[in-house]
Amino acid sequence: MAKETVQDRQWVWYGGRLSTDFVNTCRYRFAGGRELLKAPDDLAAWLRTAELTPAEVHITPSELDAALELREAVDAGMQAAITAEPTPQDAVRVLNSWLERSPAPRPHLVLHSGVPALEQRLDPQDAHSALCRVAVDAAELLGTDARRTLRICPGTHCSARFVDKSPGGRRRWCSMTGCGNRAKAAQHRQRQTAGSGRHPSSEPPPTPL
């Protein structure tokens, strides 16, 4: 699914799941974090760009606060899964509160090479139902063996969350065009410096992906 890049908001879509992309609306958590959902209009733009709502929806400040609470609960669950630590009860409570209010999906038939397949479809029309869909995706990820595919990018200042769908589960970077290339460049500089006997310089901060 192609996503547009909104000017000055710098959404990223390499998380591999709806819920990881939502968590990544806070960038560079290793360096204290860069918040991309600063105002209700930012959340409305993200929901629209993620194709969760058919058009820009009205978001109240209290809805933004609830969305950020949901995002951090999902992230707490992801971090616990990655580090094999107990999931915080508060995170589970927040997720369950959204799951309990989630609208029921409707059955829908789709054809694959002429063969019908049954799908459960949910078409959010407002911010609440869209965020419920994020919560459901997070629950399906955290509450199943799929949580074993969760990763955190180790790139300098990055910390992006993503699902590793690579063969053998060996994906390391959020994206090879960003942190992957920077890591390769840093390794190349270190090899050159080691060969010349000079001390390696510190790696510069990343440019936005």
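Reader: Which element gives the most to the lining of the second largest pocket?

Author: The model is predicted, and its second largest pocket holds about 150 Å³ of space. Its lining takes two or more residues from each of H3, H4 and helix H5 (127-142). Of the elements in this lining, the one that gives the most, with 4 residues, is H4.

Reader: How do the residues of the lining of the second largest pocket divide by class?

Author: The lining includes Ala-81, Val-92, Leu-95 and Leu-142. Gly-77, Thr-87 and Asn-96 also belong to it, as does Arg-147. Sorted by class, the lining has 7 nonpolar, 4 polar and 1 charged.

Reader: How many nonpolar residues does the contact of H4 with H5 have?

Author: The crossing of H4 and H5 is left-handed. On the H4 side the contact is made by Leu-95, Trp-98 and Leu-99, while the H5 side includes His-128, Leu-131 and Cys-132. By class, this contact has no charged residues and 1 polar residue, and its nonpolar residues number 10.

Reader: At roughly what angle do the axes of helix H3 and helix H4 cross?

Author: Helix H3 covers residues 61-83 and helix H4 residues 89-100. Their axes come within 8 Å, and the crossing angle is roughly 125°. That angle makes H3 oblique to H4. H3 passes H4 in a left-handed crossing, and the angle asked for is roughly 125°.

Reader: How many charged residues does the contact of H3 with H4 have?

Author: H3 brings Ala-66, Glu-69, Leu-70, Ala-73, Val-74 and Ala-76 to the contact, and H4 brings Ala-91, Arg-93, Val-94, Leu-95 and Trp-98. Glu and Arg count as charged. The contact has 9 nonpolar residues and no polar ones, and its charged residues number 2.

Reader: What is the volume of the largest cavity?

Author: The structure holds 1 cavity of 30 Å³ or more. The largest cavity is lined by Tyr-14, Asn-24, Cys-26, Arg-27, Tyr-28, Cys-158 and Ala-160. This lining divides into 5 nonpolar, 1 polar and 1 charged. The volume of the largest cavity is about 40 Å³.

Notes. Residues are numbered from 1 along each chain as its sequence is written. This is a predicted model: local features need pLDDT of at least 70, side-chain atom pairs count only at pLDDT 80 or more; totals for chains, interfaces and linings use all residues. Side-chain values use heavy atoms; hydrogens and water are left out. Axes are lines fitted to C-alpha atoms, for helices over the stretch in contact, and angles run from 0 to 180 degrees between N-to-C directions. Angles under 35 degrees count as roughly parallel, over 145 as roughly antiparallel, 65 to 115 as roughly perpendicular and the rest as oblique. A crossing is left-handed if the near helix is turned anticlockwise from the far one by less than a right angle, and right-handed if clockwise. Contact means heavy atoms within 4.5 Å. On a 1 Å grid over the protein atoms alone, a cavity is a set of points where a 1.4 Å probe fits but cannot get out, and a pocket is an open set with protein on both sides within 12 Å along at least five of seven lines; lining residues have an atom within 4 Å of a point. Grid points are joined across faces, edges and corners, and a volume is the space filled by probe spheres set on the points.
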